[in-house]
Amino acid sequence: MMSFTRIPRKTWSNWLGVAPFLAFCLAFEIVPVLLLLSGSFSDKQGAFSLGNYAKISAPIYVRSFWNSIQISAITAILGAILGLLIGYAIFRLPSPRVREALIALSDVTTNFAGAPLAFAFIVILGSNGVVTLAFEKYFALKLYPAFSIYSYSGLVLAYLYFQLPLMILLIIPAFAGLRREWWESAHNLGANTFQYWRRIALPILTPSLIAGIVLLFANAFGAYATAWTLGGSNITLATIQIAFTITGEVLHDPGAGDALAVVSLLIMGVCIAIYQFANSRARRWAR
Amino acid sequence: MAYLELQNVSKLFGAVAAVKDFNLAVEKGAFVSLLGPSGCGKTTTLRMIAGFEMPDAGALTLDGMDITSVPPNKRGTGMVFQAYALFPNMNVRDNVAFGLEVTGHPKQEIDERVREMLALVRLDDTAKRFPHQLSGGQQQRIALARALAIRPRVLLLDEPLSALDAVVRVALRGEIRRIQLELGITTVYVTHDQEEALSISDRVVVMNQGLIEQTGSPEEIYRQPQTRFVAAFIGTANQLNGVVVDRTQVRFGEILLRAPVPSGLNESSKAVVLVRPESIAIHAAAPTDAHNVLEGTIQTITFLGPITRVGVDVGGTRVVADMAASNRAAFTHTQHVWLSFPPDACQVMANQ
Amino acid sequence: MKQRPLVLQSLLVALFVAYMILPIIATYIFSIATKWDITLMPEGYTLEWYQTAFDHPYFSITLTNSFIVSIAAVLVGLLFIVPTTYWVHTRVPSAKPLLDLLMILPFGIPAVVLALALIRVYAFPPFARSPFLLISACVIFSMPFMYRPVSNSLMAIDVHTLTESALSLGANTLQILLRVIAPNILPGILSGSLLVFATVFAEFTLANLITGASFKTFPILLVEFTRRDGRIAAALSVISFTVAWLASIAILWGSGRGRKPTEEALGAR
Ligand SMILES: Nc1ncnc2c1ncn2[C@@H]1O[C@H](COP(=O)(O)OP(=O)(O)OP(=O)(O)O)[C@@H](O)[C@H]1O
Ligand SMILES: [Mg+2]
């Protein structure tokens, strides 16, 4: 950009144009989060205290975090591996129209999280769901009670529904970034398909893969509506515990809620930071 | 039998014939360029030699062996692509070593070879750098080193310089030729830049629409174009349309031009007389002792550095002539001038 | 490159499509089935559940409330985020990194945490538990979806060069905005608006925690019915899915050139 060719700007007054939006963000995003942070370090009288963090070391909270981390990690890794394979299958489809249609499908379905999705899974995999019945009828396989859509495994299945298409959307551009010349050079220099994937394609895809995994992790960690609709209080997740402190259904301890929220923010922040870093690595290669 | 041979090779893409009945023989150690306009099938030909495309008909032999169905990773051809073909996740050393590593050479030999190759392309000190830390020209030199590291039997280059700027392009093409001569490696070079092809090749193959128009040394291609296409594509040539009078004369409008008429052309058949601008002299007054004199009015005077190119309207036909830049002052726009050229500077061919 | 085994490839893709489509189709069928719990296919079909849903006193209230919140979020986006984005691109490029950061933050704040933080600060009337607070939360939550497409199209068209060439041709600022800039970023604005609409319309967490019973939205009603009557929940789910499909189709149709909303929202983050 050749900014010297332009009239020097009155930068100061131009910043005023951004002010209303900044004020809005301060009022409804930054300040509330900062107050949450300071609240988590205060006792009821407003003095500095680590009491809230001591409270959330109670087994129920530790377990809910552990559950959240587990389910996020499982669905992120499963989603990433399956997304990688299916994404590649879609990317290599001979027909561009089918490929476009599948990308569009992924795009729509990844936004189908929440209550309606959870209910749709109850319809197919509930104790009287179509798929449950079909398994019983055609494979003589009783899914229940070993499996239940209201349980942990059911939650994994429902989360994968929005994780998988998200990974596909993230990884297809990365496949498109693999230049044909790299495969041809490698092949020309004597490498076989396996050597090409191991030494060139996978290392180049790794940053995108990592970016995908952490984004999926964060996506699952912050989710609430799906788990709430499916499991209610059966499955205890970090987000569900935070919501409880608001709705006061189980216990009402604002301080603990603040501390839970701050720990969640910390985990999300780490994810976003890794995501940004991995993404910038991926972009540096994709010139 | 030549070292590398393509016999009646054809390649179709759907209904498009990218390469038609292609015959080429390359001697061991020779530098051959494929030259032609965009889409004429140069890349396709090169990729068939490398094994990335299967010919629909014909055969390829290398060193006496039929390689038509040998897969690319077993052919022993080293290929350099137009741009960006270095592996971005590996540093220069690993890029150059790649071909040797995947074929299981011992580490010590690989290190030795990498050093040798980097010295050859004069980039000894870049071994630890990554491709994105190199300039375009450096990247292409590393790509060359990488292709040569596997001691290929044939080196294939597909417009390796076209993504670079003019100065680097000229320097690097000299470098490529130096290395090629040093190693004595058989090379097929694809380009659409005629100057590039003429300046570094032993032989040039001019292609058009999947067919070979002419094969020959750079001098032959330039001085004796065999087809109108070659004449028009290589350099600038004036094309004077006329009718054959006898074995030494062609009628151009009212004027009889002296020119050697090849035996294939009969009397009163249509012909075209080709004359390069540098063979034409310009006179301010009618010359008395010259052959082939044309009369006309100056339309354009273009300064081209060492020479000045003058465009003259000769009875409706535009003829361009070159003169030393120092003579420029003698002529002005719309001036009436005379052009002359010797009969042996003319080439006559049929006008279909 | 060699063609992968086509069978394996097709199988993978087919399984994926089945996984994506099956729950939705099943919900559609369930919503019109008379009875569907022991047989593989429904025993009969009826529109009764829709009738019951429509007759429910809360149906039109929650639907209206959801529309109010979604449309308000879109309007705030149009009147607030789009001009700010444009302003930053043309006048204060140095503020762009700050804006980018502000637009990433919502991805890092889980909806429950955002709800908690807002409830803590705005615990006093008229804000406390008000639709106004819900709308603000929804704007924060959905603003990346508006920002990304607009910002990307502003970058793609190189506003500076366009503005300068229009100026050199004698156009005034208003003409430049209406005839040069707007047509170029309109697809981005359109897809951003629809995406904001769809996300906010389906947003359960914020609504449930911020306004809850005092201002019920459509997803809240849906979740209530998943516990009371599955067939009516199915009818409501179908309505919810249909709104999402319609918005998505409109986005795909409107943005034309193969740019997908989520891809866009995620792009260049
Ligand atoms: N994979 C392909 N599928 C279909 N058509 C192709 C394919 N590759 C090349 N062609 C067609 O074959 C013809 C020759 O292409 P080729 O790439 O060999 O040209 P080229 O001489 O290398 O041109 P350029 O100078 O532009 O690189 C062109 O008409 C091109 O469109
Ligand atoms: Mg080519």
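Hi everyone, let's start with chain C, which has twelve helices and zero strands. Helices here are DSSP runs of H or I with at least four residues, strands are runs of E with at least two, and both are numbered from the N terminus. Read along the sequence, the pattern of chain C is α-α-α-α-α-α-α-α-α-α-α-α. Its C-alpha atoms fill a box of roughly 75 × 65 × 30 Å along the principal axes.

A quick word on the ground rules. This is a predicted model, where local features need pLDDT of at least 70, side-chain atom pairs count only at pLDDT 80 or more, and totals for chains, interfaces and linings use all residues. Residues are numbered from 1 along each chain as its sequence is written, chains are lettered from A and ligands numbered from 1 in the order in which they are written, and side-chain values use heavy atoms, with hydrogens and water left out.

Now, how do helix 3 and helix 4 of chain C pack? Helix 3 (residues 57-90) and helix 4 (residues 96-108) of chain C meet at an angle of about 150 degrees, and their axes are 9 Å apart. Axes are lines fitted to C-alpha atoms, for helices over the stretch in contact, and angles run from 0 to 180 degrees between N-to-C directions. So helix 3 of chain C is roughly antiparallel to helix 4 of chain C; the cut-offs are under 35 degrees for roughly parallel, over 145 for roughly antiparallel, 65 to 115 for roughly perpendicular, and oblique for the rest. In contact, meaning heavy atoms within 4.5 Å, are residues including Ile81(C) and Val88(C) of helix 3 of chain C and Leu99(C) and Met103(C) of helix 4 of chain C. This contact of helix 3 with helix 4 of chain C has four nonpolar, three polar and one charged residue. For those classes, Ala, Val, Leu, Ile, Met, Phe, Trp, Tyr, Cys and Pro are nonpolar, Asp, Glu, Lys and Arg are charged, and the others, Gly among them, are polar.

Chain A gives us another pair. The axes of helix 3 (residues 59-91) and helix 11 (residues 238-247) of chain A come within 7 Å and cross at roughly 135 degrees. Helix 3 of chain A and helix 11 of chain A are therefore oblique to each other.

What about whole chains? Among the two pairs of chains that touch, chains A and C have the most contacts. Chain B and chain C do not touch, and their nearest C-alpha atoms are 9 Å apart.

On to ligand 1. Among the residues surrounding ligand 1 are Phe13(B), Lys42(B) and Glu159(B); being near here means having a heavy atom within 4 Å. Helix 1 of chain B supplies the largest share of this shell, three residues. A polar side-chain atom of Lys42(B) lies 2.8 Å from an oxygen atom of ligand 1, and a backbone N or O atom of Gly41(B) lies 3.0 Å from an oxygen atom of ligand 1.

Most residues other than glycine have a negative phi, and most peptide bonds are trans. The bond from Pro125(C) to Pro126(C), however, is cis, with omega near 5 degrees. Gln209(B) has a positive phi, near 50 degrees, and Gln209(B) lies in the loop between strand 9 (203-208) and strand 10 (211-216) of chain B.

Terms used. A polar contact is a pair of N or O atoms within 3.5 Å; within protein, one must be able to donate a hydrogen and the other to accept it, and residues adjacent in sequence count only if both atoms are side-chain atoms.
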